[in-house]
Amino acid sequence: FQAAFTLLLGPFTFFNVQKTKYLQIMTSLMRWIAFILMIILALIRISKGQAEGHPSMAQLSGIRNLFGVCVYSFMCQHSLPSLVTPISKKKHVNKLVLLDYILILAFYSLLSFTAIYCFRNDTLMDMYTLNFTNCKIINVAFIRYFLGLFPVFTISTNFPIIAVTLRNNWKTLFHREGGTYPWVVDRIVFPAITLIPPVLVAFCTHDLESLVGITGAYAGNGIQYLIPAFLAYCSRKDTQLVFGSGTVNKHLSPFRHTFWIVFVLIWGFSCFVFVTANIVLSESKL
């Protein structure tokens, strides 16, 4: 199955993925359907008195996995440019984005809380949709297969888009002013270094919980906190050089003060230390 996935979707890394409007609409529609189905099925099971979950108030050993989940939730910001750019009148863009994030938070909260109260902790699978492939949970075969295959559908549509984005980031990272890449480097090397690592990782492990925990603890920390903070700081400096310090931006963020950048950097460093200590302590106990 992994070989089939690589052979079918891997070649997209070597080309450009453009005009993904309908692909994104289809993916979003499937996400909405799957989320709503899982929430409703869990609520039905809870309302019938079949709930098995008795979650504890807090569990410090789950902190690193929390970071892993957060970085995937953070991926909703990947679509922010395409969400904001088409808006011609950006007077109310802050309210629209806020409403969008409140909606995302509501769905994640509903999905999470119905899951932890519906299923026992030891029966919750790393891929939550697989909990609904059991005949005892839902009798309709179509829904069981749809939820079971839902990760395949979403990954199949997102993988080419994210892979092409990463490939272009590689090109930008190593780009030299006025220079061009040889054809082999541009068309073969950059796509290959984008495609090969995830294929090797998928081949070497199927422990999704540990994988998400480790990548989220470190890469996720940089993606969520450190890089955005530095980008905000550098972009503000560039804006002042280009437009002058007296220019007033009507769409200023409520977090425009430098304090928030410093706060995010301190928070990111604190999270790095805390997660590292948690991993060391949990591994030493094992």
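Select D186 to start: leaving aside neighbours within four places in sequence, D186 is in contact with K171, Y181 and P191. Contact here means heavy atoms within 4.5 Å. D186 sits in helix α7, residues 183–204. D186 and L96 are 90 residues apart in sequence, and their C-alpha atoms are 39 Å apart in space.

Before moving on, note what is on the screen. This is a predicted model, with residues numbered from 1 along each chain as its sequence is written. Local features need pLDDT of at least 70, side-chain atom pairs count only at pLDDT 80 or more, totals for chains, interfaces and linings use all residues, and side-chain values use heavy atoms, with hydrogens and water left out.

**The whole chain**

Zoom out and switch to cartoon view. The protein chain has nine helices and zero strands. Helices (H or I, at least four residues) and strands (E, at least two) are DSSP runs, numbered from the N terminus. Read along the sequence, the pattern is α-α-α-α-α-α-α-α-α. The C-alpha atoms fill a box of roughly 65 × 50 × 45 Å, taken along the principal axes.

Show the surface next. The accessible surface of the protein chain comes to about 20,100 Å², and 71% of this belongs to carbon and sulfur atoms. Areas come from the Shrake-Rupley method with a 1.4 Å probe; for residues, only the protein chains shown count as cover.

How much of the chain is buried? Of the 286 residues, 25% are buried. Buried means under 20% relative accessible area, exposed means over 50%, and partly exposed lies in between (1.4 Å probe, protein chains only).

Among contacts between residues at least 6 apart in sequence, 77% join residues at least 24 apart.

**The largest nonpolar core**

Select M38, L41, L111, F119, Y128, F132 and L147. Of the 20 residues in the largest nonpolar core, these touch the most other members. Helices α2 (21–47), α5 (93–118) and α6 (141–173) each supply at least two residues of this core. Helix α2 gives the most, with seven residues. A nonpolar core is a set of buried Ala, Val, Leu, Ile, Met, Phe, Trp, Tyr and Cys residues joined through side-chain atoms within 4.5 Å.

Click on L111, in helix α5. L111 counts as buried because its relative accessible area is 12%. Not counting residues up to four places away in sequence, L111 touches F35, M38, I39 and Y128. For a distance check, pick K90. L111 and K90 are 21 residues apart in sequence and 32 Å apart in space, C-alpha to C-alpha.

Now follow the contact from L111 to Y128. Leaving aside neighbours within four places in sequence, Y128 is in contact with M38, A42, L111, A115 and F119.

Select C118 and C204. Which is buried and which is exposed? C118 counts as buried, at 1% relative accessibility. C204 is exposed, with a relative accessible area of 65%. How many disulfides are there? The count comes to zero, taking a disulfide as a pair of cysteine sulfur atoms within 2.5 Å.

Jump to G49, in the loop between α2 and α3 (63–73). Why does G49 count as exposed? G49 counts as exposed because its relative accessibility is 62%. G49 and K171 are 122 residues apart along the chain, and their C-alpha atoms are separated by 55 Å.

Finish at L265, in helix α9, residues 258–285. L265 counts as partly exposed, at 25% relative accessibility. Not counting residues up to four places away in sequence, L265 touches L226, A229 and F230. Then select K237. L265 and K237 are 28 residues apart in sequence and 17 Å apart in space, C-alpha to C-alpha.
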